[in-house]
Structures are given as structure tokens and as C-alpha cells.
Amino acid sequence: MFHIYCPHCSEYREEEEFHYHGQAHIARPLDPDSCTDEEWGNYMFFRKNPKGIHHELWDHAAGCRKFFNVTRNTVTYEIKEVYKIGEQPKVVADAVPSK
Amino acid sequence: MSDVKATGAEATSVPTKVVMNQLPGAGIVGQSPLHHADLETVAKNGPKQGGVKFKEQKLMGLLTLRCNAQNPEQAAVAEKLLGVALPTTPLTSVEKGDTSVRWISPDEWLIVVPGNKAFALESAFFADMPGHYSLVNVSGGTTIYQLSGANVKDVLKKSTPVDIHDSEFPVGKVVSTVFAKSSAVIRRTGEQSFELVVRRSFADYLWLWIQDASREFGLVVEA
């Protein structure tokens, strides 16, 4: 079970109260009509599946019902930080070394 | 949250929000979600001693208010109508006379007043409140349970994942959480008393749950 800090309620709550909503920071194309099928398909269906740092969207469904972002390590399941919608993560994955 | 300002022609038109009094005339008696359980008879015939006391605070007026507490005009009007300022600190509640206000989220509050005062308060809000806001009467969809007694915390520990230790859950604190897997707004009203705002459709299930969870401590029903 996760023990998640809700940035709106300002306290830790059990995972049972939260809902996971997948990858965070997915920007909808500003002009969908001018998107190619590939661009729209990438926006609609393709998600990251990183090993390590992942930014994801959670909803305090049984509490304040607000959405917020979580940075989590998908290997250790450790939650690195939580931050509100519109803010940028402080913890980001190291750049992939160029070969 | 943005405050939508009426412009142009809209500014001159009169607001046409219609509020309906949800209470019928005096000839019709309201029934609480636990009407079928006949708590009066249970209270009369049941045990008078026990570790947990249960009482349904029925037919109260509950209003969900969503507005911007950072907007001084809205905050001032809300304070004037409620007699008390909206609590802006997360997870707190305020109470004055027969009106209580619970913090639900940064822009949402749950107001509880006696059932026969809800319509007047609702009408006053729609007449006075400026800007962009929402006020919904949720009285019909909810009921309030009061749990108290020496073992009330033991029952809560069985039923909710929230930490109810004195250091984490002081008197006056309010949390929206799950109680026996159904949603509830739990507020601590005293050292050994808690109040649960629960959904009407879960009222019977939670009543059965509370009877089962408090069996080992002895349940006293009050009516």
C-alpha cells in the first residue's frame, strides 16, 4: 500500500482513498484538426513505460477529489515528490546517455 | 477558480435562479434513511449500557458550497449569511449555534443546518452571493450518524484507514474518507464522540456494519 501525501489536504492518506490516472503532463494538441494521424495517435494512445522515475496523475477520490501529480520510481515504488497541477517536477530522470 | 463577471446585456438582466423548498408541507412527515429500522423501538428495548453509542441525527439540511474563499466579496457574504467565516485551513470545521461548516476541499464546504432552515439559507445565498459559485442542497442524499462512547475509537479503527490518534485527529478536525469502504465525512465532535455524514443509499449498510463492529463493546442506540 502507498502512503500518499495529498498536497491539498496537507497530510498523508492511505492509497485506498486515491485513484491512479496514468501518465502526467500529457498536453492536448492545440489544433487537433491539423494533426497528422500519427501525432493524434501518439497523443491518444501511446504512453511512457519507464523503468525508474515516472510522473503520474493521481486523484484524491475519497477525500478532497482534487487531482495532483506524483513522481514515483517504478522500480522501488518510492514516491519521490507530490506536486500540484500546473507545477513542474523537481525530481526528473537522468538524461539517457548518448551512445 | 475564476470569477465569471456578467457583461453587456447579461449584466442588466435579473438572475433567474429558482430555488425549490425541498421540505413538503406540514402535513407530510419526512422519513430518514433509517426509518425502516425503527430506532425509537430499538432504543427503548435495547441495552442502556455499552461501549458505543449510536444516534442518527436525521433530516438535517446539508448544503454543498463551492466558491473562492480568496475572493473577499464571496468570503464576506458567506460569513454574513452563515454567521461564521468559511474555514480555509484544510481539514477543519467551525460551528456556531445550530450551523456548522466543514472544509471538504480548497474550494468546497459542507454546511449543516437544521432541516427547516436550509431553504431560507439557500434562498439568501442565491440572493446575495456575488460571482461564480455553486450551492447545492444535498439534504435528501445524506444522513448524519453520531457515534460516541468509551470504545468509539475502536470501532473507527476497524472501519476507516484514517489515523484517529489524538495527536493526528483533534476535536474539530474533519476528513473526507472511506468508512467501511463507503464514503463518509468524519468529524470529531468531542473526546469520545464522532460524527459521520454518510450517503443515504449506504445508510442501511453502515447501520448494519456499525451494529456488527460494535457488538463486542456493546451498542447503545439512542433515538
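Thanks for coming, everyone. First, some housekeeping. Residues are numbered from 1 along each chain as its sequence is written, and chains are lettered from A and ligands numbered from 1 in the order in which they are written. Because the model is predicted, local features need pLDDT of at least 70 and side-chain atom pairs count only at pLDDT 80 or more, while totals for chains, interfaces and linings use all residues; side-chain values use heavy atoms, with hydrogens and water left out.

Let me begin with chain A. This chain has one helix and six strands; helices (H or I, at least four residues) and strands (E, at least two) are DSSP runs, numbered from the N terminus. Along the sequence the pattern reads β-β-β-α-β-β-β. The C-alpha trace of chain A spans about 45 × 35 × 20 Å along its principal axes. Of its 99 residues, 39% count as buried, where buried means under 20% relative accessible area, exposed over 50%, and partly exposed in between, with a 1.4 Å probe and protein chains only. As for contacts (heavy atoms within 4.5 Å), residues 24 or more positions apart account for 46% of those in chain A with a separation of 6 or more.

Now over to chain B and its sheet. Here we have an open sheet of six strands, in the order β8-β9-β10-β7-β1-β11, with mixed pairing; two strands pair if DSSP finds at least two bridges between them. Strands β8 (174-179) and β11 of chain B stand at the edges, each with a single partner strand, so one side of each has no neighbour in the sheet. From one strand to the next, the twist averages 30°.

Please zoom in on β1 of chain B, residues 52-57. Five bridges join β1 to β7 of chain B (residues 142-148), and the two run antiparallel. Within that pairing, B:Q57 has B:I144 as its bridge partner, and B:K55 stands opposite B:Q146. With β11(B), β1(B) pairs in the parallel sense over four bridges, and there the partner of B:K55 is B:E222. Which residues of β1(B) are on its covered face? They are B:V52, B:F54 and B:E56, whereas B:K53, B:K55 and B:Q57 make up the uncovered one.

Helix α5 (residues 152-159) of chain B lies across β1, β7, β8, β9 and β10 of chain B, at about 35° to β10(B). Helix α6 (residues 203-213) of chain B lies across β1, β7, β8, β9, β10 and β11 of chain B, at about 10° to β7(B). For these angles, axes are lines fitted to C-alpha atoms, for helices over the stretch in contact, and angles run from 0 to 180 degrees between N-to-C directions.

Beyond four places in sequence, B:L219 is in contact with B:P47, B:V52, B:F54, B:W207, B:Q211 and B:S214.

B:F54 and B:W207 come up again in the largest nonpolar core, where they are among the residues with the most contacts inside it. That core has 62 residues, and its largest share, five residues, comes from α6(B). Apart from it lies another core of nine residues, including B:L62 and B:I104. A nonpolar core here is a set of buried Ala, Val, Leu, Ile, Met, Phe, Trp, Tyr and Cys residues joined through side-chain atoms within 4.5 Å.

Leaving aside neighbours within four places in sequence, B:E122 is in contact with B:V19, B:M20, B:L63, B:L135 and B:N137.
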